[in-house]
Amino acid sequence: MIKRDYLIILILLIVILACCIAIFNATSIKGNNSEGISYEVLANDTIEDKGSVSVIRNIGKPDSQKIAYVVGVHPLENETHKTLLKLLPPLTDLNHCYDIYIINVTEDVGYYGDGLSDNSPGRQNGQNLALKYVYPEIADGDYELAVDVHSNVGAYPYKTFVFSPVNKSAGSEYARDIAGECENISYYVPDSTTSGPYLTIPLNKNGVPAFYFEEYSFASQSEKDMHMMELINAVDNLDF
């Protein structure tokens with residue numbers, strides 16, 4: 001009789017444990033918003049476009065303020081782009097909702113190998129895709145902010161920094177706020193930017209605050225990860 005009682009108790013414990021595991025898994029899936037995240041192709045690779053554009057939507061809280069990240073405008077700055085794509089989508093407990101616009105240039109990419117040429121075909125192809133496909137999506141998408149992710153070869157006084165090409169704009173104010181919250185990210189405005197007229201400038205002038213994040217191309221991957229997490233966390237703590 002005693003053995004039977006022990007057996008019943010053991011079965012009950014197993015059932016309770018199984019229920020707890022099921023509840024935990026369901027809660028984890030909901031918290032990670034894995035079912036809400038979606039992937040959409042905005043432009044297929046064509047002879048005319050010389051690349052494709054896609055978007056990962058609804059990272060974080062779908063019903064919260066929307067923020068857009070953009071990667072791939074300048075194709076050979078891709079190590080920084082990959083860092084954002086690696087770190088942001090898996091995050092849980094985010095305060096805002098994020099969409100990541102991904103530009104994939106497929107023609108003349110190699111012409112921008114040294115990171116110094118402002119007039120390379122691959123660079124221009126990415127800028128054209130940004131203006132044609134990404135700009136209208138963000139401009140009409142009810143976004144509170146857009147962040148264009150780039151990298152540089154160290155020709156500036158600061159290697160990791162944020163800035164907006166439109167002075168005294170909401171985008172520049174948000175960028176200054178970000179720099180003020182980050183130990184390793186400065187606020188610095190270069191003399192010029194080739195991609196500004198294709199995305200960040202028209203966004204700022206048409207109601208969507210936008211700024212650049214610039215990472216040092218030759219930083220170690222651990223440094224890139226650390227800086228990107230600083231950016232992600234600071235953006236996620238902005239009040240709109």
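Start by selecting Y69: leaving aside neighbours within four places in sequence, Y69 is in contact with L84, L88, Y98, D99, I100, Y101, V147, V149, L231, I232 and V235. Before you go on, keep in mind that you are looking at a predicted model.

**Stop 1**

**Stop 2**

Across the whole structure, a search turns up 10 aromatic pairs. Show the rings of Y69 and Y98, which make a tilted pair, 5.9 Å from centre to centre with 35 degrees between the planes. Y69 sits in strand β3 (residues 66-71) and Y98 in strand β4, so this pair ties together parts that are 29 residues apart in sequence. Are these two tyrosines buried or exposed? Both Y69 and Y98 are buried.

Y101 belongs to strand β4 and Y143 to strand β5 (residues 143-152), which puts the partners 42 residues apart. Y101 counts as buried because its relative accessibility is 0%. Y143 is buried too, with a relative accessible area of 6%.

Stay on Y143 and bring up K66: the charged end of K66 sits over the Y143 ring, 4.4 Å from the ring's centre. For another case of a charge over a ring, go to K159, whose charged end is 4.3 Å from the centre of the Y216 ring. Then select Y156, Y158, F161, F163, Y188 and Y212 together, a cluster linked by ring pairs.

**Stop 3**

Next, select D99 in strand β4 (residues 97-105). Why does D99 count as buried? Because its relative accessibility is 2%, and the cut-off for buried is under 20%. What does the D99 side chain meet there? One partner is the side chain of Y143, joined to D99 by a polar contact of 2.5 Å. Another is the backbone nitrogen of N58, which lies 2.9 Å from a polar atom of the D99 side chain. If you display everything that D99 touches, not counting residues up to four places away in sequence, you get V55, I56, R57, N58, K66, I67, A68, Y69 and Y143.

**Stop 2: salt bridges**

How many salt bridges are there? The count comes to 7. Begin with R57 and E40, whose closest N and O atoms are 2.9 Å apart. R57 is in strand β2 (residues 51-60) and E40 is in strand β1 (residues 38-43), so this bridge ties together parts that are 17 residues apart in sequence. R57 counts as buried at 16% relative accessibility, whereas E40 is partly exposed at 33%.

Move on to K132 and E48, a salt bridge with its closest N and O atoms 3.4 Å apart. This pair links distant parts of the chain, with K132 in helix α3 (residues 121-139) and E48 in the loop between β1 and β2, 84 residues away. K132 is partly exposed, with a relative accessible area of 40%, while E48 counts as exposed at 65%.

Then jump to K86 and D225, whose side chains meet in a salt bridge of 2.9 Å, N to O. Here the bridge ties together parts that are 139 residues apart in sequence, since K86 lies in helix α2 (residues 78-87) and D225 in helix α6 (residues 221-236). K86 counts as partly exposed at 42% relative accessibility. To finish this stop, select E40, R57, D99 and E137 together: salt bridges that share partners join these residues into one network.

**Stop 5**

Go to the loop between β1 and β2 and pick K50. K50 is not a glycine, yet it has a positive phi of about 60 degrees. With a relative accessible area of 27%, K50 is partly exposed.

Where is D93? Look in the loop between α2 and β4. D93 also has a positive phi of about 60 degrees without being a glycine, and at 68% relative accessibility D93 counts as exposed.

How values were computed: Residues numbered from 1 in each chain as written. Predicted model: local features only at pLDDT ≥ 70, side-chain atom pairs only at ≥ 80, totals over all residues. Heavy atoms only, no water. Helix = DSSP H or I, 4+ residues; strand = E, 2+ residues; numbered from the N terminus. Buried < 20%, exposed > 50% of the residue type's maximum accessible area, 1.4 Å probe, protein only. Polar contact = N/O pair within 3.5 Å; in protein donor to acceptor, adjacent residues only side chain to side chain. Contact = heavy atoms within 4.5 Å. Salt bridge = Lys/Arg side-chain N within 4 Å of Asp/Glu carboxyl O. Phe/Tyr/Trp six-rings, centres within 6.5 Å; stacked < 30°, edge-to-face > 60°. Lys NZ or Arg CZ within 6 Å of the ring centre and 35° of its normal.
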